[in-house]
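Let's walk through this one from the inside, starting with a pocket and moving on to the aromatic rings and the core.

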Amino acid sequence: MKQQTAQTRTKRGTPDFQLLILTLLLVGFGLVMVFSSSSSIAIASESFNNDALYFTKKQLMWAIIGLFGMFFAMNIRFNKYKKLYAPFFLFTTALLLIVLVSGAVLNGARSWIRLFGFSLQPAEFAKIAIILYLSALITKKGERFRDFKTGYFPVLFIVGFIAGLIMLQPDFGTCFILVSTCGLVIYAGGANMKHILGSILLVVLGGALAFGASALFSSMSPDTPSVDSTTTATAKQNYKIGRIQAFLDPLSDPTDGSLNLYRSLVAIGDGGITGSGIGQGTMKLHYLPNAYNDFIFSVIGEELGFIGSALFLLVYLYFIWRGIIVSLRCPDPFGTLVGIGIMGLIAIQAFINIGGVTQTIPVTGVTLPFISYGGTSLFVMMVAMGIVLSISRTNNMEAIKEEKTKSVTVQTRTSPALRSRDSIRRVR
């Protein structure tokens, strides 16, 4: 029985422990920072039951659920996702359609839906669903993927359809992340560079036209305008323009449009070299909005300083690099594309979040993976890492098989020599 159990474990392979530990480390660090950035706000508000652990307890609950989801996904052989991607993709598409009709509006976007007693954001599930779908489709098409009509256009149509559903919410930040991640998977899948460059040009032109049309229609008054509708449309347009103006000059209006970015830069600057210490930051005290979510890196910069922030970024970069290495070692092209897509998704979203709060790019309002407060985001990211860890288990299993094969080959080749050596010794 013991030998059979050992053989079974060997066949299944072991996960990449570095990647597993780094994932758990990031989740644990995120819980600490969510508590540090939200406790002062929660304890002072009746809306949060004057409970300093209000956000931390919710994030911990999702972390535990995500942990089960990660280990469940890790114990499924990654090649089985070739069969599971279709129903998961259809289910996610249905949620994206439902949320447009009956979803809850938050921060001007209809992105949330109540399901199974939880508030979920279907766009987060769409990120993983589209990666699995594209990876399976590209692998299935093979060399035909380089042909525009039979290979590239169907893939482009699927990406455009899902991105369009997310833009209707509207959620520009998530849409940009999804399209960028899909572009990475398509490039890794061996698409024709002419097709990729044409798609980029099309997206840029389409985005410019959409933004221009939005500005035009929002400035035009209807036949019988109401004060509320006109005010709302103007406020939304001013909000979009204000983000661009804040990016170009955070000091242009530090009391209105650029207030969030201005305070974010102040928080990071106040951190100095060593920071004020975890829990000792001041900008999160009702000065920096969404300190536990979109601007959590600003809190990290203030409380851990340059040294702590740099160390965090180095760990994050090593985590992404390790995941990419695991993906590239996969013998199956499907596993390679899925792994690159997932790690690319994390890297792109982290860059957009950190870049926004540090004035590298305009603020888009997305979470920092594994760190920011957000149950759906944390759960989806942990399940996604479970898929990457499943790929690593297959890699380790294949490595063990290769070692056994080499061992048998070496023994077979050297046995005659060893026998000859022993016979010579006996003669002497």
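The second largest pocket holds about 340 Å³ of space. A pocket here is an open set of points on a 1 Å grid over the protein atoms alone, where a 1.4 Å probe fits, with protein on both sides within 12 Å along at least five of seven lines; lining residues have an atom within 4 Å of a point. The volume is the space filled by probe spheres set on the points, which are joined across faces, edges and corners. Of its 16 lining residues, Ala73, Tyr81, Phe88, Phe379 and Val383 lie nearest the centre. Helix 13 gives the most to this lining, with 5 residues.

This is a predicted model, with local features needing pLDDT of at least 70 and side-chain atom pairs 80 or more, while totals for chains, interfaces and linings use all residues. Residues are numbered from 1 along each chain as its sequence is written, and side-chain values use heavy atoms, leaving out hydrogens and water.

Now for the rings. The whole structure has 19 aromatic pairs, meaning Phe, Tyr or Trp (six-membered) rings with centres within 6.5 Å; planes under 30 degrees apart are stacked, over 60 edge-to-face, the rest tilted. Phe89 and Tyr133 make a tilted pair, 4.3 Å centre to centre with 35° between the planes. Ring pairs also link Phe29, Phe297, Phe312, Tyr316, Phe319 and Phe370 into a cluster.

Tyr316 is in contact (heavy atoms within 4.5 Å) with residues including Leu26, Ile346 and Phe370, leaving aside neighbours within four places in sequence.

Terms used. Helices (H or I, at least four residues) and strands (E, at least two) are DSSP runs, numbered from the N terminus.
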